Amino acid sequence: MISLKNPDQIGKMRVAGALLYEVLQQVRAAVKPGVTTAQLNDLAEKLIRRNHAIPSFLNYEGYPASICASVDDAVVHGIPSKKQVLREGQIISIDCGLILDGWQADSAFTVGVGEISEAAQKLIDVTEQCFWRAARQAVAGNRLGDVGHACQELAEANGYGVIRDLTGHGIGREMHEDPPVYNFGVPGKGLKMRKGMTIAIEPMISAGDWRVTCDADKWSYRTRDRSLCSHYEHTIAINEGALPEILTYPDFVWKEEA
Ligand code: MF3
Ligand code: CO
């Protein structure tokens with residue numbers, strides 16, 4: 001069932017989204033060689049709680065942490081660890097969610113640890129572009145296939161693979177609501193979007209093949225061919241006759257398409 005949100009409810013999600021943005025900015029600034037993924041997790045959790053919010057990932061279906069930290073060939077759901085010390089040249093995806101006043105925000109980004117290769121930076125940049133390209137399609141009257149196709153087209157034009165096994169999702173009072181939001185698709189197909197829908201779009205893009213495996217910890221997904229993978233996510237609100245509001249990116253201003 002898809003729940004539409006009224007302007008008051010979207011207002012609450014905007015406040016949750018703004019807090020998550022600040023948390024993720026701080027965590028991003030803390031990424032450097034020598035830092036452990038557990039330290040990044042502790043920072044995020046401390047900032048969330050200090051601002052009277054709840055880390056939504058913690059204990060979600062038994063997940064043991066407040067962020068997902070997925071390094072290099074890890075796709076998503078990497079469990080932070082004191083033993084995982086970041087090294088120069090790696091890339092790390094940090095995914096985090098929180099609940100404020102009963103409303104959810106969910107966002108992720110990928111960043112290099114110190115200096116990274118040109119190829120790795122390109123993967124990160126194209127993944128972000130895949131998100132923005134997809135988000136431009138997320139307007140009332142368009143279909144989810146338009147969103148997925150926009151992402152897929154750009155990723156594949158760059159020779160990358162779009163992860164199929166994991167998707168974006170509706171979001172609101174729950175972190176995962178209907179509908180699933182695929183990062184691939186056929187234009188004009190799929191669910192028609194409506195004003196008041198709030199969704200998380202989250203492209204997961206592999207430098208190689210899109211197939212994934214799950215680690216023995218039952219959480220961390222990894223590319224099967226061990227190629228690098230990047231992830232980028234925002235929670236957005238669908239508008240009618242206007243581009244979506246990026247709830248986890250306060251004051252974001254849309255520009256003319258390049
Ligand atoms: N943020 C993830 C998503 O985008 C969910 C994290 S799963 C959890 O759907 F178990 F870590 F909470
Ligand atoms: Co999500």
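Contact here means heavy atoms within 4.5 Å. This is a predicted model, where local features need pLDDT of at least 70, side-chain atom pairs count only at pLDDT 80 or more, and totals for chains, interfaces and linings use all residues. Residues are numbered from 1 along each chain as its sequence is written, and side-chain values use heavy atoms, with hydrogens and water left out.

**Exercise 1.** Work out where S227 sits and what S227 touches.

Solution. Start with the place: S227 is in the loop between strand 11 (221-223) and strand 12 (229-231); strands are DSSP runs of E, at least two residues, and helices runs of H or I, at least four, numbered from the N terminus. Next, burial: S227 counts as buried because its relative accessibility is 14%, the cut-off being under 20% relative accessible area (1.4 Å probe, protein chains only). Then list the neighbours: leaving out residues up to four places away in sequence, S227 touches D73, S206, A207, G208 and D209. Finally, the side chain of S227 gets to 3.3 Å from the backbone nitrogen of G208.

**Exercise 2.** Find the protein donors of the cobalt ion (ligand 2).

Solution. Look for N, O and S atoms within 2.8 Å of the metal (3.2 Å for Na, K and Ca); water is not among the atoms, so sites may look incomplete. That gives D106 (OD), H169 (NE2), E202 (OE) and E233 (OE), at 2.0 to 2.2 Å. Their spacing in sequence reads D-x62-H-x32-E-x30-E. Now place two of them: D106 is in strand 4 (residues 103-112) and E202 in the loop between strand 8 (198-201) and strand 9 (204-206), 96 residues apart. Both D106 and E202 are buried.

Methods
Chains are lettered from A and ligands numbered from 1 in the order in which they are written. Buried means under 20% relative accessible area, exposed over 50%, partly exposed in between (1.4 Å probe, protein chains only). A polar contact is a pair of N or O atoms within 3.5 Å; within protein, one must be able to donate a hydrogen and the other to accept it, and residues adjacent in sequence count only if both atoms are side-chain atoms.
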